Amino acid sequence: MSTPSPLVGVAAALASQPPTRTVFSQFSLTGKVALVTGGGRGIGLEVAAGFAEAGATAYCLDLSKQPDDDFVTAQKFVAQMPPLANNVKNGRIEYISGDVTDQKQMWKVAEDIVAKEGRLDICFANAGILAGADCLEYSAEDFTKILNVNVNGVLYTAQAAGRQMEKLGIQGSIILTASMSGSISNQNQKWVAYTTSKSAVIQMARSMACELGPKGIRVNSLSPGYIYTKMTKAFLDSHTDLMEEWCSQNPLGRLGRPDELRGVCLWLASDASTFCTGSDIIVDGGHRAW
Ligand code: NAD
């Protein structure tokens, strides 16, 4: 049984407590520390900046030795945020160079964050790669490359954070980036390695949630639909008719923006979702509703 939560909502009313607005504070990440992989750009950077706006210190890990311009600009933007409240330290984003496919390195990254910050509450295991090939021709090397980043790398990241949460007795939240491609096959795409990898991530979240639930650590997966990032742009640039096709495949008639994942990730990372674990949260503009 976890520590009893302070009374909120109707329970607070029935206990005759003074009326206090608690619903927004349940989303607060003040004082919390996050590890975000693939955090140098795209969905990872957007979500990390959102975590920092909500008060967290978010460590963004990515492959390049130095952060690129998008990261540096976002870092300055976050640093210039007005204070959250009097005497409350604002969140921030920091860059770490690393490779999620290196298990030992990932475990060490999480150890180092804890050595510096004293805690690790949130993990967004988000780094992923996309490539396609005919399913009957997919080379072992290319198939393994996708699985190594999208599956093994996600496991090593979640392990790294989970080990620290367990050690420190932190009831943390681990979010694994899957995709709608983990539950459906993308029409007209030859993405067998990618779709296979994302199915594995959804199942990884369920398995880890069941193992770590008794320790109070929650694990969920996030399944976005098509989101306009450098990953999708690279694909769309080389397939000119595809933008219109993808937009027509969901009832909202457009691609999503990375910032449209901030809310759901903040909800999953924060105390607003304390009873949610082992779930796959789909944010796809209704793509799968058809
Ligand atoms: P992106 O390419 O813009 O960002 C991914 C980041 O991961 C890059 O900065 C890349 O350098 C990093 N990365 C790749 N391999 C790495 C490694 N071995 N170690 C550390 N970092 C590594 O892509 P994005 O669109 O922001 O996608 C982020 C995640 O969301 C991915 O897992 C992707 O599969 C998933 N996703 C994206 C979409 C979409 O439409 N964009 C939809 C569903 C799921």
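Visitor: Is the crossing of α4 and α5 left-handed or right-handed?

Guide: Good place to start! Handedness is read from how the near helix is turned relative to the far one: clockwise gives right-handed. In this predicted model, the crossing of α4 and α5 is right-handed. The axes of α4 (residues 103–117) and α5 (residues 140–168) come within 8 Å and cross at roughly 40°.

Visitor: Which residues make the contact of α4 with α5?

Guide: From α4, look for Q103, M106, W107, A110, E111 and V114. Across from them, α5 supplies Y156, T157, Q159, A160, A161, R163, Q164 and L168. By class, that contact has 8 nonpolar, 4 polar and 2 charged residues.

Visitor: Now the other pair: at what angle do the axes of α2 and α3 cross?

Guide: At roughly 15°, with the axes of α2 (residues 42–53) and α3 (residues 69–79) coming within 10 Å. Angles under 35 degrees count as roughly parallel, so α2 and α3 are roughly parallel to each other. This crossing is right-handed. Here L45, A49 and A52 of α2 meet D70, F71, A74 and V78 of α3, a contact with 6 nonpolar, no polar and 1 charged residues.

Visitor: And the ligand: which residues come nearest?

Guide: There are 27 residues around the ligand, and R41, D62, Y194, I227 and T229 come nearest. Next, check which protein atoms face the ligand's oxygen atoms. The side chain of R41 places an N or O atom 2.6 Å from a ligand oxygen, and for the side chain of D62 the distance is 2.6 Å. With I227, a backbone N or O atom lies 2.7 Å from an oxygen of the ligand.

Note on methods:
Residues are numbered from 1 along each chain as its sequence is written. This is a predicted model: local features need pLDDT of at least 70, side-chain atom pairs count only at pLDDT 80 or more; totals for chains, interfaces and linings use all residues. Side-chain values use heavy atoms; hydrogens and water are left out. Axes are lines fitted to C-alpha atoms, for helices over the stretch in contact, and angles run from 0 to 180 degrees between N-to-C directions. Helices (H or I, at least four residues) and strands (E, at least two) are DSSP runs, numbered from the N terminus. Angles under 35 degrees count as roughly parallel, over 145 as roughly antiparallel, 65 to 115 as roughly perpendicular and the rest as oblique. Contact means heavy atoms within 4.5 Å. Ala, Val, Leu, Ile, Met, Phe, Trp, Tyr, Cys and Pro count as nonpolar, Asp, Glu, Lys and Arg as charged, and the others, Gly among them, as polar. A residue is near a molecule or strand if one of its heavy atoms lies within 4 Å of it. A polar contact is a pair of N or O atoms within 3.5 Å; within protein, one must be able to donate a hydrogen and the other to accept it, and residues adjacent in sequence count only if both atoms are side-chain atoms.
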